[in-house]
Amino acid sequence: MHLILGLAIGFMAILRFGLSGFIMGGLIGVLTAEVLALRKRVNSLERSVQSEKSLEDRIPHEVVFSPPAAEAVASQEVLRKKAATAPGMVPPAKEADRLAPVGPASFFDRFLARYRGKAIKLSETISHFFTSGNLVLKIGIIIIFFGVAFLLKYAAQRNMIPIELRLIGVAVSGMAVLGIGWRLRQSRAGYGLVLQGGGVGILYLVVFAAARLYNFLPMTLSLAVMIGLVALSGMLAVLQEAKYLAVFGIVGGFLAPVLMSTGGGSHVMLFSYYALLNCGILGIAWFASWRELNLIGFIFTFAIGTLWGSSGYQPGYFTSTEPFLVLFFVFYVVISILFAQRQPINLRGFIDGPLVFGLPLVVSSLQYFLVRDLRYGMAFSALALGLFYLSLATLLWRRLSQSMHLLCEAFLALGVVFGSLAIPLALDGQWSASIWALEGAGMVWVGLRQKRVLARHFGIVLQLAAAYIFLDSVWYPFFAVPFANQYFLGCALLALAALFSSYFLDRYQNELKKWERYFLLPLMILGLIWWYVGGLREVDKQMAHIGMENGFLLFCCVGSILTGMACKKLAWPRLELALYLQLPAMVLLALMSFADFSSRFHLFAGWGALAWTIAFVVQYRILYLFAGNWPTRNLVAWHLGTMWLLLFVLCDEGAWAMHQLPGLGEVWTTICWALVPSIFLLLLLQLGKGTSWPAGKYASDYLGMGGVLPALCLVLWLVESFRIAGDPLPLPYITLFNPIELSGLIVLIVLMLWVLRRKKAGYYIKRLPEKQSFWGLGVLFFCWVNSVVARSVHFYVGIPYFPDSLYHSVIFQAAIAALWGFGAMAMTVWATRKGSRALWGVGAILLSMVVLKLFAVDLSGTGTIARIISFLVVGVLMLIIGYFSPLPPKTEGNSR
């Protein structure tokens, strides 16, 4: 029903105002439907309280606890148990199970079950009107009302009796009916109230006919008489506690100027008249808590005022219009307080949500329409509203804190909302999206406190509408103040509203519907998106001088700090998911900076040193503070990721710093990517469990999986270094004592120490066994030694350092043959002494390759001397091998 009403009003508004009108009309429709739903709820609560009270009055306490009554109840219980256990009898529970339907209900059955209740209730209401009470009286007064109207029309058309006498006669009859109804108020209360309502209605018709149809009464006098009738009906209603008699009189009072308007009246007279009517509503609210009357007055006052403002308002009318807007606002704030105070004892403090939260929304919208041409007009208005609500919340808390706790909280929230809105409104003029988002958050809060599903959903829809308005109409202003302009503050307020809603939904999730719990995470994600989008746009526009990457990194650090403080202060575990974003943001920004080769940008450029230092401090602080809250796997992964990122940053900065030194060759920059990880691994090996945190507490992870990525990078660097000649400018090349070869040797030693220390400490890695690790290191050492020979041939003989040139070089081939021969001899002799058949086999294969290579040599070509020397050297080596290790060991581990 609420959705249908909202869509209906929305479609009517779209014909006039477009898509924005559809959103506004839909929201008004939902709000109107909420008013109707609250009316039904309050009536139900009042009836239940009244029935409980009457029941307590009818049943004496001594009857309830009297012994005969207790014995009667006990005897009935015994008879019921005997009947349930008698043969042939079916217990009620089992009978119900037997008659229960089998299988799930179809969609058609669920549809009928959902709407059958509403149809039955409507039919019961109609039946109750025509079957209960004095039916003849109800039908008779309706017939008389229409008969008088037809009589006036008939007499006017035929001029049978002078019009003055006719109007006087009808007025006298109306007063007579009113007097009879008043006289019967005690003996026959229902009968008398119906007569009084009919009499007031007849008098309304007489005044209307005399003023508009026949022009016998001036408009001013007619309105005065109308006011008198409204006051009379209100007084009668209060004296007799007849709510609907007051509603009838107020509706007639509000419609009177509309019916009698000629289009040329004064707005001051109109609003003065409405002020008197609202004074009457306020007076009634002092004695009775009639919610329908309050809402009718609120809707009529501001709806008619809005209609007049949209067609007849001019800037020159500000001084004569603003006081009435403030007066009406104060009226209904006081009425909302009286409504909460006049509730029954068990409902005292229950607030009228649409009136408490709808009033500032409507008034602020009308105020914007009045002050939109004044600079800072809306800012001062929001500030005044904020101070008013804060002062009122403080006053009520001191005077009526026990019974007005919820209303005080609502006023306090509104005060904070409007006070915070004063800042962006003073700087820029966009306000609709911010106020809608914050009002939506307030509706979610009230819906949770009062357990109202529709209010919660209305608050979420209001925030989505605010997001649409913000994206559609808000742009980044020129000459904006950094972090104090409409765009960033608007994003911040939207983020705050979404996070506020997510927090309270999470806090009260046990009271939510099952499907409502799916709103928690999307609202939190929406709030984080608004926060980071606003920050990214602000950094892009305002922080270009320090670098976009550095600015956004600092903004992410601030966001993580605030998030961590909120998690600790609010005890909100779900928000800790946002802290996971700090490390991915750092990785992304580091890769973006590393990819910027064109400008030789480095991470510590400008504000980068400060930004990255703060970023790592914040990241490690997060890992320290929330170690007990995160899952172990996630915590270890984020520890290792942070360590690897730190290693990458140090390597990048070291290489950049070396590149800036004049006169150095490229090899000096290259070796930084080997030396820094090597030193890093050595430090981990030395520190280990010697430190408390983080390497000490998570030593198995840091020395185990934590060393895998640096070790893998070192292996890749070593393989890549084989392709580099490595000119050590400005130093001369000396075999083994040059940057590229010393760095390669250091890498091999560090990898060997890491494998050994990992084995010794018991940090076993399933996919990286120790034996295979040693074989891999042996292969890398063999390749490194060959690269040393190749560079020596390149620098001393002048052979180009390319695979093809080195392959066709006789000197390189001879040197390689000698190297492999010595290697084969060393391996076979060592294998024989240690009893390693596998190692002996490798040495034998290597020696076979050397022999085959020698016999393939053409002795008649160039380099014959070198080839002959190679033959002699290899021959001598084979004699040595034949003497010390002619055959492989018989078994593994069996020395000769």
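**Salt bridges, rings and cores in a predicted model**

Student: Which residue forms a salt bridge with R456, and how far apart are the closest N and O atoms?

Tutor: A salt bridge here is a side-chain nitrogen of Lys or Arg within 4 Å of a carboxyl oxygen of Asp or Glu. For R456, the partner is E516, and the closest N and O atoms are separated by 2.8 Å.

Student: What ground rules apply to the model?

Tutor: Residues are numbered from 1 along each chain as its sequence is written, and side-chain values use heavy atoms, leaving out hydrogens and water. The model is predicted, so local features need pLDDT of at least 70 and side-chain atom pairs count only at pLDDT 80 or more, while totals for chains, interfaces and linings use all residues.

Student: How many residues apart are R456 and E516?

Tutor: Helices are DSSP runs (H or I, at least four residues), as are strands (E, at least two), numbered from the N terminus. R456 sits in helix α18 (residues 453-473). E516 is in the loop between α19 (486-507) and α20 (520-542). The pair links distant parts of the chain, with a separation of 60 residues.

Student: Are R456 and E516 buried or exposed?

Tutor: Buried means under 20% relative accessible area, exposed over 50%, and partly exposed in between (1.4 Å probe, protein chains only). By that scale, both R456 and E516 are buried.

Student: Which helices does the E741 and R791 pair link?

Tutor: E741 and R791 form a salt bridge, with the closest N and O atoms 3.7 Å apart. Both residues are buried. The pair spans 50 residues and joins distant parts of the chain: helix α29 (residues 739-761) and helix α30.

Student: Is R723 buried or exposed?

Tutor: R723 meets E720 in a salt bridge at 2.5 Å, N to O. E720 is partly exposed, because its relative accessible area is 38%. R723 has a relative accessible area of 61%, so R723 is exposed.

Student: How many salt bridges does the structure hold?

Tutor: R456–E516 is one of them. E741–R791 is another. The total is four.

Student: What span is expected for α30 at 1.5 Å a residue?

Tutor: The expected span of a helix is 1.5 Å times one less than its number of residues. α30 has 28 residues and reaches 40 Å from its first C-alpha to its last. That is close to the expected 40 Å.

Student: Which residues does S792 touch, leaving out those up to four places away in sequence?

Tutor: S792 lies in helix α30 (residues 770-797). S792 is buried, because its relative accessibility is 14%. Contact means heavy atoms within 4.5 Å. On that basis S792 touches Y733, T735 and V797.

Student: How many aromatic pairs does the structure hold?

Tutor: Rings of Phe, Tyr and Trp (its six-membered ring) pair if their centres lie within 6.5 Å; planes under 30 degrees apart count as stacked, over 60 as edge-to-face and the rest as tilted. The number of such pairs is 41.

Student: Why is the F271 and W308 pair classed as it is?

Tutor: F271 is in helix α11 (residues 267-287), and W308 is in helix α12 (residues 291-312). F271 is buried at 5% relative accessibility, and W308 is buried at 18%. The ring centres are 5.4 Å apart and the planes stand at 85 degrees, so the pair is edge-to-face.

Student: Which residues does Y580 touch, not counting those up to four places away in sequence?

Tutor: Y580 lies in the loop between α21 (548-570) and α22 (582-594). Y580 is buried, because its relative accessible area is 13%. Its C-alpha is 9.2 Å from that of N634, 54 residues away along the chain. Y580 touches W630, P631, N634 and W638.

Student: How many residues are in the largest nonpolar core?

Tutor: A nonpolar core is a set of buried Ala, Val, Leu, Ile, Met, Phe, Trp, Tyr and Cys residues joined through side-chain atoms within 4.5 Å. Y332, F411, L421, W612 and L645 have the most contacts inside the largest core. That core has 188 residues.

Student: How many helices and strands does the chain have?

Tutor: Buried residues make up 43% of the 896 residues in the chain. The secondary structure comes to 34 helices and zero strands.
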